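Student: I have a structure to read and want to go feature by feature. Where do we start?

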Amino acid sequence: QVQLVESGGGLVQTGGSLRLSCAASGRTFSTYGMGWFRQAPGKEREFVAAVSTSGGSTYYADTVKGRFTISRDNAKNTVYLQMNSLKPEDTAVYYCAAEVDAEAGRWDYWGQGTQVTVSS
């Protein structure tokens, strides 16, 4: 079982920055693909970014490409999401997720979420 705990959300003005963190329990963190998702009120959860087990490969939704950066520190069992040039449409609850088997096509573990609010 893996527990994921997000932190770093908050209220920020348009154009501002936030860095989200997701701390994972367990000794196999480095074997999991990690991702960030978000869900705005009245909308479905959507993919934001993902990073491979080593951190060497990253993937982004078109809506955040060039503004957000995902990274991980396997020594600290933590994945980060640096968010710059924030827009009101980035307002959502942000969730981190862990992927045990990249070929299975599913995210196996989820955190409880952290709220990000961008004011205009």
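Tutor: With burial. Buried means under 20% relative accessible area, exposed over 50%, and partly exposed in between. Keep in mind that this is a predicted model.

Student: Is phenylalanine 37 buried or exposed?

Tutor: Phenylalanine 37 is buried, because its relative accessible area is 9%. Phenylalanine 47 has 29%, so that residue is partly exposed.

Student: How do I read a pair of aromatic rings?

Tutor: Two numbers describe such a pair: the distance of the centres and the angle of the planes. A search of the whole structure finds three aromatic pairs. One of them joins phenylalanine 37 and phenylalanine 47, with 5.7 Å centre to centre and 75° between the planes; this pair is edge-to-face. Phenylalanine 37 lies in strand E4 (residues 33-39) and phenylalanine 47 in strand E5 (residues 46-51), so the pair ties together parts 10 residues apart in sequence.

Student: What is the geometry between phenylalanine 37 and tryptophan 107?

Tutor: The ring centres of phenylalanine 37 and tryptophan 107 are 5.3 Å apart and the planes are at 80°, so this pair is edge-to-face. Tryptophan 107 sits in the loop between E9 and strand E10 (109-110), and phenylalanine 37 in strand E4, so the pair ties together parts 70 residues apart in sequence. Tryptophan 107 counts as partly exposed because its relative accessibility is 22%.

Student: Which residues do ring pairs link into a cluster?

Tutor: Phe37, Phe47, Trp107 and Trp110.

Student: Which rings does arginine 45 lie over?

Tutor: Two are listed here. Arginine 45 lies over the face of tyrosine 95, 4.0 Å from the ring centre. The charged end of arginine 45 also sits over the ring of tryptophan 110, 4.5 Å from its centre.

Student: Next, disulfides. How many does a search of the whole structure find?

Tutor: First the idea: a disulfide is a covalent bond between the sulfur atoms of two cysteines. The search finds one. Cysteine 22 and cysteine 96 form it, with sulfur atoms 1.9 Å apart. The S-S torsion is about 40°, so the disulfide is right-handed. Cysteine 22 is in strand E3 (residues 18-24) and cysteine 96 in strand E9 (residues 92-99), so the pair ties together parts 74 residues apart in sequence. Both cysteines are buried.

Student: Where is asparagine 77 found, and what does its side chain reach?

Tutor: Asparagine 77 is in the loop between strand E7 (68-73) and strand E8 (78-83). Its side chain reaches the backbone oxygen of glycine 26 at 2.7 Å. Asparagine 77 also touches Cys22, among other residues. With 18% relative accessibility, asparagine 77 counts as buried.

Notes
Residues numbered from 1 in each chain as written. Heavy atoms only, no water. Helix = DSSP H or I, 4+ residues; strand = E, 2+ residues; numbered from the N terminus. Buried < 20%, exposed > 50% of the residue type's maximum accessible area, 1.4 Å probe, protein only. Polar contact = N/O pair within 3.5 Å; in protein donor to acceptor, adjacent residues only side chain to side chain. Contact = heavy atoms within 4.5 Å. Disulfide = S-S within 2.5 Å. Phe/Tyr/Trp six-rings, centres within 6.5 Å; stacked < 30°, edge-to-face > 60°. Lys NZ or Arg CZ within 6 Å of the ring centre and 35° of its normal. Lists of a residue's contacts leave out its neighbours within four places in sequence.
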